[in-house]
Amino acid sequence: MSAVTARPVQRLVPRMRIWTGTRAIAEAVKIADVDVIAAYPIRPYTGVMNELARMISDGEFSAEIIVADSEHSQFEIAKHASAVGARTFVGSSGVGLLYAAEAITVTALAQLPVVALAGCRALDDPGNFGMEWNDTLVFRDFGWLVSWAKDAQEALDMTLVAYRVSEDRRVLLPHFVAVDGATITHIASPVSPPDERIEGFLPPYKPPYPLDPEYEPVTKAQHIAPSLIGTEQRKVVDVSMKRSRGVIEEAWRDFSRRVGRSYPPFLESAYMDDAELAIVTMGAYTKDAVYVGQKLRERGERVGVVRLRYWRPYPAQELRESLEDVKGIAVLDFSYSFGSPDMGGAFYNELRAALYEAYQKPLILDFLFAGGREPNVEHFEKAVEITKRAVERGRPERLVYWLTLRGEDI
Amino acid sequence: MSLQPIRTPKELGSIDYYTSGHRTCAGCGPAIGYRLATKAAGPKTVLLGPTGCMYVANGHQFLTSPYAVPWFHTQLGGGGAAGIGTAAAFRALISKGKRKREEINVLVYGGDGGFADIGYAGLSMALTYDYQRLLYILYDNESYANTGIQASSTTPWGATTTFTPTGKVKRIGNERMKKNVALTIAAHPGVRYVATSALYPPMDLVNKVRKALNSGGPAFIQILTPCPKGWFFDPKHTITLSRLAVETGAWALWEYEEGTFSLTYKPPKRQGLREYMRMQGRFTHLSDEDIERLDRVIEEQWKLWLESDRQRRIILPWTPPPTPL
């Protein structure tokens, strides 16, 4: 049998691998033929760099891999390599991301399409390997695109799409692919790596003004008096972020067509058609939430689940359309924001802000899982139960619940 | 393509890569250093500028640029990483056939705040790699001058700065000894070329830059660059002070090439520090005895510099601070 006739059979039976999230993302970096990688260890994202270093040592692909002295240097290396015209990969977790905060910020404001893995982890102190979203959510304001994967397969796919969207001339912004620490970074699950149909999905990266003497000399990020071009420069980033929405839709359409896996660009929903109550969340725990939704549906409860696939650009319009007919929302929230409006999490308050413009506003309750202690399906069921009661009474007893807390929830 | 040594300024040619379009102070030492270093490196160069005087004063007021080769800002602590990222990008793109094969100089021009303090770890990391034509130049004006003269770890003993003012109780001003950054860089086994330089003798800096770029590995040069604003002197004396720093022995010129040390200037008969220090307003509060004590420290250090030169090996010139009892 010739290779030509063998191919359709392979398509029908994709080769499944059992990979952790970090292993799967490393595969995407290899497929993207990344040129410069900057590594520095911190759990739980480190595995991706271990894997890439092994691939390069074994000659599976070729890239400059720099072992940096800190996360700040890591992100500076990626930023400057990107300015020359190299495709780059970097990443971190927890306090490591905050150590790099300055370099992360300037990467977006200099409009360099670096792709980074954020392996979400609780911030110190005390040191804690648990999962929280705050390490990544703090970068919501600076012009990074942020997508949130629910499993290893989606993490791989999102990484490839991230390069395509970031490097698009209409966007040129850096991109975090966020994955929940441990549950995605460290847990192995079946993954189907893309086959040859992916070829051509990712065109070569060509910056418009490379920092290379081969081209006209550019002076990039020169200091300016605030009155000169400060406002216009910020507007450029704003417009790029606005334009990214269309580019994201385009990229996922093309990707889905090529690999035969269907992805809605911004929101993934389950059981939402006639739902009265909705669970809203992101990331790995979506699967548990869908299980809870299914279980409650079997009991006749009209419960649906909505998952955000992007945190930036924030899918406000899609959320309004999806949620303005429900009566109550249980937010499964792995973030905190001490002293915020109603003392809710950062994820919760962002959703409330988006739904302020909805034509009718559901009750929105925050179920906040801070500090890394793992919730289970009982917690999620209880969250729906509390939301249901609040809807029946017509008013919430309170807005924010710490369900995994031991002791009194003051 | 090897860069040949230069004997006279004429040989350097008339093309500048750091030219008009900046707004540095009259008599700015770092700006003179920038001009010479970029002339020495030539057109196939990428410049990277950590935050500092040579960032803010080279831009800001008008939408102009003094750079005739590609230039990109990096954060105050990002100099080391920026150089590595840029050099790694060129190596990756060239070795993978994505860019034509060519030797590109990467020159990071950072201040003492950027390289001796906040970016010291990043600089150290960078110099453990093997990228060729990657040169870090520390323009040492001995303070954070852009923010209004605050002490750094290369500010000399006795200097008054806004963070180390002379006062009724603390008379001396800065009581820390100047950190010899270049000597610590020489401790990185991968570095092919380490040197100190000044704006005098005239072609010293130019030739050291060319040697550094030819050296076949990452390299580092620390230039003492007088700063009229931070050292408080008449702008017409920038070069005079460079000369006096070298002739009085306050600043030793040396190079360290693949493990071999040599002094590149030996003061014929070392003058006392008095003339050098009395020209600078930052030392006016020091008494003659203070200057004599500092003189003795420099004298001790010079015995070790000369011994290093004789042995062609580095001996760390340790001396106690001249703080009065």
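The second largest pocket has a volume of about 690 Å³. This is a predicted model, and everything below is computed from it.

**Pockets**

The lining of this second largest pocket counts 32 residues. Nearest its centre lie B:Met177, B:Lys178, B:Asn180, B:Ile298 and B:Gln301. Four elements of chain B give two or more residues to the lining: helix 6 (181–186), strand 6 (219–224), helix 10 (274–278) and helix 11 (288–311). Helix 11 of chain B gives the most, with six residues. By class, the lining of the second largest pocket splits into 22 nonpolar, six polar and four charged residues.

The largest pocket holds about 1000 Å³ of space. It is lined by 33 residues; A:Leu109, A:Ala110, A:Lys220, A:Ala221 and A:Gln233 are the closest to its centre. Both chains take part in this lining. Which element gives the most to the lining of the largest pocket? Helix 9 of chain A does, with five residues. The classes here are 20 nonpolar, ten polar and three charged.

**Cavities**

Two cavities of 30 Å³ or more turn up in a search of the whole structure. The largest cavity is lined by A:Ile386, A:Arg389, A:Ala390, A:Arg393, A:Glu397 and A:Tyr401. Helix 13 (residues 377–393) of chain A brings the largest share of that lining, four residues.

The second largest cavity is lined by residues of chain B. Among them are B:Glu142, B:Ser143, B:Ile149, B:Trp231 and B:Arg282. Three threonines also belong to the lining: B:Thr155, B:Thr160 and B:Thr161.

The table sets out the volumes and lining classes.

| Space | Volume | Lining by class |
|---|---|---|
| Largest pocket | about 1000 Å³ | 20 nonpolar, ten polar, three charged |
| Second largest pocket | about 690 Å³ | 22 nonpolar, six polar, four charged |
| Largest cavity | about 40 Å³ | three nonpolar, no polar, three charged |
| Second largest cavity | about 30 Å³ | three nonpolar, five polar, two charged |

**Helix 9 of chain A**

Helix 9 of chain A, the leading contributor to the largest pocket, covers residues 226–259. It has 34 residues. From first C-alpha to last it reaches 47 Å, close to the 50 Å expected at 1.5 Å a residue. Where is helix 9 of chain A kinked? The kink is centred on A:Ser244 and amounts to about 30°. Just after this helix, A:Gly260 takes a positive phi of about 75°.

One open sheet has nine strands, in the order 9(A)-2(B)-1(B)-3(B)-4(B)-6(B)-5(B)-7(B)-8(B), with mixed pairing. Its edge strands are strand 9 of chain A and strand 8 (260–263) of chain B, each pairing on one side only.

Strand 2 (residues 36–39) of chain A runs parallel to strand 3 of chain A, with four bridges between them. A:Ile37 has A:Ile65 as its bridge partner in strand 3.

**Backbone details in loops**

A:Pro44 sits in the loop between strand 2 and helix 3 (47–57) of chain A. B:Pro201 belongs to the loop between strand 5 (193–198) and helix 7 (204–214) of chain B.

A:Leu172 is not a glycine, yet its phi is positive, about 50°. A:Leu172 is placed in the loop between helix 8 (152–167) and strand 7 (175–180) of chain A.

Conventions. Residues numbered from 1 in each chain as written. Chains lettered and ligands numbered in written order. Predicted model: local features only at pLDDT ≥ 70, side-chain atom pairs only at ≥ 80, totals over all residues. Heavy atoms only, no water. Expected span 1.5 Å × (residues − 1). Bend = angle between axes of the 7 residues up to and from the residue. Pairing = 2+ DSSP bridges. 1 Å grid on protein atoms, 1.4 Å probe; cavity = no way out; pocket = protein on both sides within 12 Å on 5 of 7 lines; lining within 4 Å. Points joined across faces, edges and corners; volume = space filled by probe spheres on them. Nonpolar A, V, L, I, M, F, W, Y, C, P; charged D, E, K, R; others polar.
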